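Keep the structure open beside you as you read.

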Amino acid sequence: MKVLYRLKDAGFDAYLVGGGVRDLLLGCEPKDFDIATNAHPDEVDALFRNARLVGRRFRLAHVRFGREIIEVATFRAPPGDGEASVDKALQKGNGRILRDNVYGSMEEDAERRDFTVNGLYYNIRDFSVVDYCDGLTDLSQGILRLIGDPVQRYREDPVRMLRAVRFVAKLGFRLAPETESPIHDMAKLLADIPPARLYEEVLKLFMNGQALSTFENLRRYGLLAYLFPETDKILDRSDGDFYRCFVTHALRNTDTRVREGKHITPAFLFAALLWPARQQHLAGWNREQQTEVDAMNEAAAKTLTAQTAAVSIPKRFSLPMKEIWVMQPRLLRNSGQRAIRLLQHKRFRAAYDFLLLRHQAGEDGLQELAEWWTNFQELNEDEQSTLTRISKNSGRRKKTKRKRSHNPSLS
Ligand code: ATP
Ligand code: MG
């Protein structure tokens, strides 16, 4: 409201737009707030001490209040007719928009938004909602519909296909038939999207509490192949049952954790989604020529090379992801002091959750081990060292008498 009123008082038009309006009308809490205005980015920048100009492809102002960022974007025109433009929209030969800084009227701004329900503007002058694209009708009927010609809109920006799948899951809407039908054939256009942008989209797709249904739709529309190419191939195979089950469990667990307000990390998510690919690379391990550690490092490196050609993963997540993988065989060796050292490892909890996941998905031979670690964590330090002494002396695992008092987070 502060941003809207400051812009209005300075003589500009300013509207709340996009997900903020859509979610408020649906009675849910918006994730963030976007504002559209006829003020140019420099003018917005001059009005707010806490503003910063960002973006090349899409130049806009970020106005910051503590941890909250309000995005303020100048009305834009659709590409191509840029009479009043300040900066011509730059379009590739294939119709992709590379730079989108052609300023225009509010109505033009509405036309270049993605879905009708995202093209609603809230006007603080008279508390009305301005609707150029019949978004209110679609909103009331639960329909996600692209504005304009779907084929052209996907060609301009193929990421809109991913946004379609994301909003369907988030809002519980269905795709309008003409919005849905071109997706399968046009999915391949995602191959041209920079891996860094796809990384941002992948996080939004899988970290919002609807990962499983999103994933199923991504597969159904042939989009997953451009996000997790190796995994997608393995899941398609007729002998891919275990991995289909594994990924399903991982995503269901992620969704449950999000709903319960628990912490989730992209490292665990990538560890799970890339596990099928990593295991496939590891299958070529020649035990006579290579140590297990070297083989695991090589398999992880191959997996990451193939993956980051499609979707980049920052090191702060790919390193812990690899640690989760490397810890898996180490969890098998739980005798003596090793167990205590592993328990203190900063990646222990994630690695243990990952082990449970493998067990849940039906991997053989992990039941006793999973139970052992579950019990072991609940002992106090004296009990742990007693147990590890016993297991060291006897040379085999002993079960503790204590019962589990809580469910492990991933069970
Ligand atoms: P949420 O914030 O809940 O993910 P949102 O609809 O607000 O959903 P944002 O990514 O915040 O999505 O974008 C804000 C608005 O900008 C959208 O509602 C839409 O109007 C417009 N927009 C965003 N990305 C695109 C795009 N790729 N093509 C066209 N319009 C877009
Ligand atoms: Mg938003």
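The side chains of Tyr121 and Arg113 are joined by a polar contact of 3.2 Å. A polar contact here is a pair of N or O atoms within 3.5 Å; within protein, one must be able to donate a hydrogen and the other to accept it, and residues adjacent in sequence count only if both atoms are side-chain atoms. Tyr121 also uses its side chain to reach the backbone nitrogen of Ala110, at 3.0 Å.

Before going further, please note that this is a predicted model, in which local features need pLDDT of at least 70 and side-chain atom pairs count only at pLDDT 80 or more, while totals for chains, interfaces and linings use all residues. Residues are numbered from 1 along each chain as its sequence is written, chains are lettered from A and ligands numbered from 1 in the order in which they are written, and side-chain values use heavy atoms, with hydrogens and water left out.

Where is Tyr121 found? Look in strand S8, residues 120-123. Helices (H or I, at least four residues) and strands (E, at least two) are DSSP runs, numbered from the N terminus. Tyr121 is buried, with a relative accessible area of 0%. Buried means under 20% relative accessible area, exposed over 50%, and partly exposed in between (1.4 Å probe, protein chains only). Tyr121 and Tyr15 are 106 residues apart along the chain, yet 5.7 Å separates their C-alpha atoms.

Now follow Arg113 to ligand 1: a polar side-chain atom of Arg113 lies 2.9 Å from an oxygen atom of the ligand. Lys170 places a polar side-chain atom 2.8 Å from a ligand oxygen, and for Lys31 the distance from a side-chain N or O atom to an oxygen of ligand 1 is 2.7 Å. Taken alone, ligand 1 exposes 580 Å², and the protein buries 87% of that. Such areas come from the Shrake-Rupley method with a 1.4 Å probe; for residues, only the protein chains shown count as cover.

How many residues surround ligand 1? There are 17, and the closest are Lys31, Asp157, Arg160, Arg166 and Lys170; to be near, a residue needs one of its heavy atoms within 4 Å. Helix H2 (19-26) and helix H7 (159-171) each supply at least two residues of this shell, and H7 gives the most, with 5 residues.

Arg160 has its place in helix H7. Is Arg160 buried or exposed? Arg160 is buried, because its relative accessible area is 8%. Not counting residues up to four places away in sequence, Arg160 touches Arg112, Asp114, Phe115, Leu146, Arg153 and Tyr154. Such a contact means heavy atoms within 4.5 Å.

Just after H11, Gly222 takes a positive phi of about 75°.

From H14, pick out Arg278. This residue is buried, with a relative accessible area of 2%, and Arg278 touches Met296, Ala299, Thr303 and Trp325, not counting residues up to four places away in sequence.

Finally, step back to the whole chain. The protein chain has 20 helices and 11 strands, and buried residues make up 50% of its 411 residues.
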